Amino acid sequence: VRYGERMVNALSADRRAGAGGASSGAAAAAVDAPLLGQRVVLGGLSSRPELNGQRGVARSFEGGRYAVALEGGGESVRVRPGNLSPASVSAERASTTPPAAAAERGDEATVLAWLKCGGRADAT
């Protein structure tokens, strides 16, 4: 089960149990949209599979979807919580090299060209 689905299930269970009560808008946003303002990775997108593996920042949450500003360009996409994961620090470090970023995008031609030119991977 993906992170977003777990949060939705937990939130639904809390509401059925009568939990909640009065809370501040910021606290409610943190529960309803825990990835808000965080770096995220897109995944499981079938209508735009080229975006799978892309990173961005969850800028807002409305209508059950996050507005995610993608890295490296001005594009912003609206994504369901189940198609987002928090970006890990170690994965972000690994993707700083062009071959790693190309591999995450599924850009096989770029990775093969890098390997043909004597590219080496640092496995440490």
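This is a predicted model: local features need pLDDT of at least 70, side-chain atom pairs count only at pLDDT 80 or more; totals for chains, interfaces and linings use all residues.
Residues are numbered from 1 along each chain as its sequence is written, and side-chain values use heavy atoms, with hydrogens and water left out.

**Exercise 1.** Work out which strands pair with β1, and find the order of the sheet.

Strands here are DSSP runs of E with at least two residues, numbered from the N terminus, and two of them pair if DSSP finds at least two bridges between them.

Step 1. Strand β1 (residues 39–42) runs antiparallel to β2 (residues 55–62), joined by 3 bridges, and V41 stands opposite R55 in β2.

Step 2. Strand β1 also pairs with β5 (residues 84–86) in the antiparallel sense over 3 bridges, where L42 stands opposite L84.

Step 3. The open sheet of 5 strands therefore reads β4-β3-β2-β1-β5, because strands pair if DSSP finds at least two bridges between them. Its edge strands, β4 (76–79) and β5, each pair on one side only.

**Exercise 2.** Decide whether Q54 is buried or exposed, and list its contacts.

Step 1. Q54 lies in the loop between β1 and β2.

Step 2. Its relative accessible area is 17%, so Q54 is buried (buried means under 20%, exposed over 50%, partly exposed in between, with a 1.4 Å probe and protein chains only).

Step 3. Leaving aside neighbours within four places in sequence, Q54 is in contact (heavy atoms within 4.5 Å) with V40, V41, L42, L70 and R105.

Methods. Helices (H or I, at least four residues) and strands (E, at least two) are DSSP runs, numbered from the N terminus.
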